[in-house]
Amino acid sequence: MRGYYFIIIFSAFAVACNYSVSKNEKGNNISGGLDAKKPITWTTVQASALDTCVRCHSGANSPALSSKDLVIEHYDDVLNEVISKSMPPKSKGYVPLSACQIAILKKWQELKFPETSTVTIGSLPECVSSSPVDVVPISALPATYANLEAQILKPYCLHCHNPDSSDFEASAILLSPYDVLIAKKNLLKDGANSKLVKILKATDDDRMPPPEEGAGLTDEEIDFVIRWLEAGMPR
Ligand code: HEC
Ligand code: HEC
């Protein structure tokens with residue numbers, strides 16, 4: 001057991017070091033807040049190209065796109081709809097997918113729909129911003145719940161913490177929408193010393209997202225969470 005913890009702590013360190021190096025390199029900036037270091041996996045596809053789709057395609061509208069197998073089954077339709085900009089529906093206020101999001105979706109198919117991979121988002125030319133000007137770093141984003149949801153909760157948490165999650169324990173701990181989250185006073189009180197921030201910074205298997213999901217939040221992302229807590233959790 002002790003050896004096991006050692007490996008986790010050690011690899012968390014290795015990951016953390018990797019991150020701080022990469023974040024200082026300009027070329028790793030990705031428009032839309034995606035992290036260049038993230039591998040092209042189902043989790044990444046879900047959090048980038050397909051993040052809006054499940055709001056409507058979890059049963060209410062056909063096809064259901066709420067699991068990896070369903071997305072694979074309907075892959076051609078999904079790709080056609082996003083390339084033609086028919087989905088997500090502009091009539092409902094959604095913006096079409098970016099070239100980077102579409103490239104992630106295509107690469108995922110090319111790699112045969114992996115759960116893990118060594119190909120990163122940053123290796124896709126569509127995803128590396130040619131001009132640093134159109135990249136808004138998370139440190140410059142207003143500390144609102146909308147940004148917390150888009151930058152942190154969706155990419156890292158909500159695929160487990162949602163009422164339909166196949167992870168039974170996680171499905172009972174809901175972190176969205178806004179009113180549900182801010183009611184969790186024990187989790188959120190005390191800003192930088194809150195239980196939430198401790199969980200995000202943990203180096204053992206209490207860390208969220210759980211270590212088997214890969215890297216956790218970057219320092220900048222944790223700073224954003226602290227900023228939001230200390231601002232009084234604005235909507
Ligand atoms: C606001 C709700 C909403 C969102 C968000 C949404 N869809 Fe849809 N989608 C619909 C509705 C409603 C239909 C069926 C009516 C239609 O074809 O316009 C549909 C139809 C589809 C179809 C079938 C089209 C056909 O002609 O058979 C596909 C495939 C699809 N959506 C994919 C997606 C993908 C991929 C996303 C995310 C990038 C997405 N949708 C986001 C509401 C939504
Ligand atoms: C792979 C699925 C998964 C992901 C991703 C995930 N969680 Fe969890 N989370 C769980 C499970 C399972 C539990 C309950 C068992 C446990 O505490 O380890 C849990 C428990 C929790 C708890 C309760 C901990 C406690 O001690 O009471 C909080 C708070 C939490 N998660 C927040 C988050 C946040 C915030 C994120 C994103 C940054 C996240 N989780 C990402 C699966 C996940």
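Let me begin with a definition: six donors count as octahedral if opposite donors are over 155 degrees apart and all others between 65 and 115, where donors are N, O and S atoms within 2.8 Å of the metal (3.2 Å for Na, K and Ca), and water is not among the atoms, so sites may look incomplete.

The model I am showing is a predicted one, in which local features need pLDDT of at least 70 and side-chain atom pairs count only at pLDDT 80 or more, while totals for chains, interfaces and linings use all residues. Residues are numbered from 1 along each chain as its sequence is written, chains are lettered from A and ligands numbered from 1 in the order in which they are written, and side-chain values use heavy atoms, with hydrogens and water left out.

First, the chain as a whole. Its secondary structure consists of 12 helices and 0 strands, helices being DSSP runs of H or I with at least four residues and strands runs of E with at least two, numbered from the N terminus. Of its 235 residues, 38% count as buried, which here means under 20% relative accessible area, with exposed over 50% and partly exposed in between (1.4 Å probe, protein chains only). Among contacts with a separation of 6 or more, 62% are between residues 24 or more positions apart, a contact being heavy atoms within 4.5 Å.

Now to the iron of ligand 2. His161, through NE2, and Met208, through SD, coordinate this iron atom at 2.0 to 2.3 Å. The arrangement is octahedral because the 6 donor atoms subtend angles of 86 to 178°. His161 lies in the loop between helix H7 (145-156) and H8, and Met208 in the loop between H11 and helix H12 (219-230), so the pair ties together parts that are 47 residues apart in sequence. His161 is buried, at a relative accessible area of 12%, whereas Met208, at 33%, is partly exposed.

Around ligand 2 there are 20 residues, of which Cys157, Cys160, His161, Lys195 and Met208 come nearest; a residue is near a molecule if one of its heavy atoms lies within 4 Å of it. An oxygen atom of this ligand is 3.1 Å from an N or O atom in the side chain of Lys195. Helix H8 (168-171) and helix H11 (195-201) are the elements that give two or more residues to this shell, and H11 gives the most, with 4 residues.

A nitrogen atom of ligand 1 is 2.7 Å from an N or O atom in the side chain of His57.

The buried residues of H7 pack against helix H2 (42-47), H3, helix H9 (178-182) and H12. In helix H6 (residues 99-110) we find Leu105, which is buried at 0% relative accessibility. Leaving aside residues up to four places away in sequence, Leu105 touches Val45, Ala49, Leu50, Tyr75, Val78, Leu79 and Val82. Leu105 is also 9.2 Å from Thr44, C-alpha to C-alpha, although the two are 61 residues apart in sequence.

Key
Polar contact = N/O pair within 3.5 Å; in protein donor to acceptor, adjacent residues only side chain to side chain. Tetrahedral: all angles 85-135°; square planar, octahedral: opposite > 155°, others 65-115°.
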